[in-house]
Amino acid sequence: MPIVTADGDCYIPLRCGQVAPVLQLPCEITSEIFQHCLPEDGLPQPSIRSAPILLSFVCSTWRELSIRCPRLW
């Protein structure tokens, strides 16, 4: 059952031991998705409110993947 937070975000809690489906995607696909988060007009501006830095705050898996993807930087 989805849970809606006070700020309007919606999520489905996982049971202990489950992995979120998005974390089951191959790294190549996830990094491709990350690239589509970048601004189209050039290099990203360093900001904690935009990709690629923002992506690295989601979870440790995304942090490691975003840091290891040179096309994001």
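A residue counts as exposed when its relative accessible area is over 50%, and as buried when that area is under 20%, with partly exposed in between. The legends below apply these terms to a predicted model.

**Figure 1. The salt bridge between E64 and R68 in helix α3.** The side chains of E64 and R68 form a salt bridge, with 2.9 Å from N to O. A search of the whole structure finds one such salt bridge. Both residues belong to helix α3, where they stand four residues apart, about one turn of the helix. R68 has a relative accessibility of 55% and therefore counts as exposed. E64, at 45% relative accessibility, counts as partly exposed.

**Figure 2. Overall arrangement of the protein.** The secondary structure consists of three helices and two strands. Along the sequence these elements follow the pattern β-β-α-α-α. Of the 73 residues in the protein, 19% are buried. Among the contacts with a separation of 6 or more, 36% are between residues 24 or more positions apart.

**Figure 3. The crossing of helices α1 and α3.** Helix α1 covers residues 27–35, and its axis comes within 10 Å of the axis of α3, crossing at roughly 75°. Because angles of 65 to 115 degrees count as roughly perpendicular, α1 and α3 are described as roughly perpendicular to each other. On the α1 side, the contact is made by C27, T30, S31 and F34, and on the α3 side by W62, L65 and S66. These contact residues of α1 and α3 comprise four nonpolar, three polar and no charged residues.

Figure 4. S31 is a residue of helix α1. With a relative accessible area of 8%, S31 is buried. Leaving aside residues up to four places away in sequence, S31 touches L65, C69 and R71. S31 and W62 lie 31 residues apart in sequence, and their C-alpha atoms are 9.1 Å apart in space.

Figure 5. S66 is found in helix α3, which spans residues 60–68. Its relative accessibility is 0%, so S66 counts as buried. When residues up to four places away in sequence are not counted, S66 touches F34, P52, S56, L72 and W73. One of these partners, F34, also takes part in the contact of α1 with α3.

**Figure 6. The surroundings of P52 in a loop.** P52 is placed in the loop between α1 and α2, the latter covering residues 53–56. With a relative accessible area of 3%, P52 is buried. Apart from residues up to four places away in sequence, P52 touches L38, P44, S66, L72 and W73. The C-alpha atoms of P52 and I67 are separated by 8.5 Å, although the two residues stand 15 residues apart along the chain.

Figure 7. A disulfide is a covalent bond between the sulfur atoms of two cysteines. The structure holds zero disulfides. C27 is partly exposed, with a relative accessible area of 44%, whereas C69 is buried, with a relative accessible area of 6%. C27 is one of the α1 residues in the contact with α3, and C69 is among the residues touched by S31.

How values were computed. Residues numbered from 1 in each chain as written. Predicted model: local features only at pLDDT ≥ 70, side-chain atom pairs only at ≥ 80, totals over all residues. Heavy atoms only, no water. Buried < 20%, exposed > 50% of the residue type's maximum accessible area, 1.4 Å probe, protein only. Contact = heavy atoms within 4.5 Å. Salt bridge = Lys/Arg side-chain N within 4 Å of Asp/Glu carboxyl O. Axes fitted to C-alpha atoms, helices over the stretch in contact; angles between N-to-C directions. Parallel < 35°, antiparallel > 145°, perpendicular 65-115°, else oblique. Nonpolar A, V, L, I, M, F, W, Y, C, P; charged D, E, K, R; others polar. Disulfide = S-S within 2.5 Å.
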